[in-house]
Amino acid sequence: MKNVSKLAGSGNSIDKISDNLIMEVVTKQQKIMNTKLFTALAASAAITLFGTSAPAQAFSFGSNGITFQEDTTVNFKFQESHGAFTSSLGIYSVNNSTLTQVASLFSETKSSDNDGDNEWKGSLGNTVLGSGSVFFKFLANQVYTLGLSSGSNGTVYSTSGLNAASGGSQQAVFGESSSLWNSLGKETTSTFQAAGQFTDGTGSLYKGGTLISFDDRGNVNDKDFQDFTVSAEAVPEPITMTGLALGLGGLISARRRRNKAVS
Ligand SMILES: [Ca+2]
Ligand SMILES: [Ca+2]
Ligand SMILES: [Ca+2]
């Protein structure tokens, strides 16, 4: 800016024209820089608002139980099944030792797509019908569990302690969606050796989604943990959505101003 003042100092008309031109260029550059700064701030604000939505409350989401401190909506999606029974997955409230089914998530209409093919593979649109996506609102401070019912072949619960019939055995694994999915042996009945490492889905529920995969008690309780698999992802709270919308709005208006400034 000092150089600009010096250039503009002599006062004749040609100098004034070049002074005006230089000032115009400087102003435009300043506008572009301001816009870039604003865009960066808007983007970081959106990420911060979104990122801090999860730790606002303490919650459990794993084989030790499901409880939230605040009402929380979770989107469940059916992924795939590999169990020989005709099973259905539901959500149960837990009051002391009383279990009450409060929602039905996904139900198989037959045992599998094509009998034992691909280890009793059941797909969306074949064995499980409908959209394959269900939203459920967990109420604050209520204890829940997921339960996989296979009719006369019994029900297993995602909360290990509720599997009293088998001494509190782990019947479901929880983990970050892609890593758990890649770890499971979908088309073998081999024991899933790493099951004990997949007991907590809290880290991914708000970030990428948590996979939950059940072991029913078929095939002498083989512990394959791929008999019924769903994903779960928390839906951001309305205040977060507003924050995100404001952030995106800021980005859009900043871009509009930038386009205007350089045109
Ligand atoms: Ca299986
Ligand atoms: Ca099945
Ligand atoms: Ca099994």
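Biologist: Which way does β9 run against strand β10, and how many bridges join them?
Modeller: Strand β9 and strand β10 (residues 210–214) run antiparallel and are joined by five bridges. Two strands count as paired if DSSP finds at least two bridges between them. Strands are DSSP runs of E with at least two residues, and helices are runs of H or I with at least four, numbered from the N terminus.

Biologist: On what basis is all this stated?
Modeller: The model is predicted: local features need pLDDT of at least 70, side-chain atom pairs count only at pLDDT 80 or more, and totals for chains, interfaces and linings use all residues. Residues are numbered from 1 along each chain as its sequence is written, while chains are lettered from A and ligands numbered from 1 in the order in which they are written.

Biologist: Which residue does phenylalanine 174 stand opposite?
Modeller: Its counterpart is isoleucine 212 in β10.

Biologist: What is the strand order of the open sheet?
Modeller: Its five strands follow the order β6-β3-β11-β10-β9, with antiparallel pairing. At the edges are β6 (133–138) and β9 (172–176), each pairing on one side only.

Biologist: Turning to the loops, where is asparagine 141?
Modeller: Asparagine 141 lies in the loop between β6 and β7 (143–149). Its phi is positive, about 65 degrees, although it is not a glycine. Most residues other than glycine have a negative phi.

Biologist: Why does asparagine 141 count as exposed?
Modeller: Asparagine 141 counts as exposed because it has 10 C-beta neighbours inside 10 Å.

How values were computed: A residue is buried if 20 or more other C-beta atoms lie within 10 Å of its own, exposed if 12 or fewer, and partly exposed in between; C-beta atoms are placed from the backbone.
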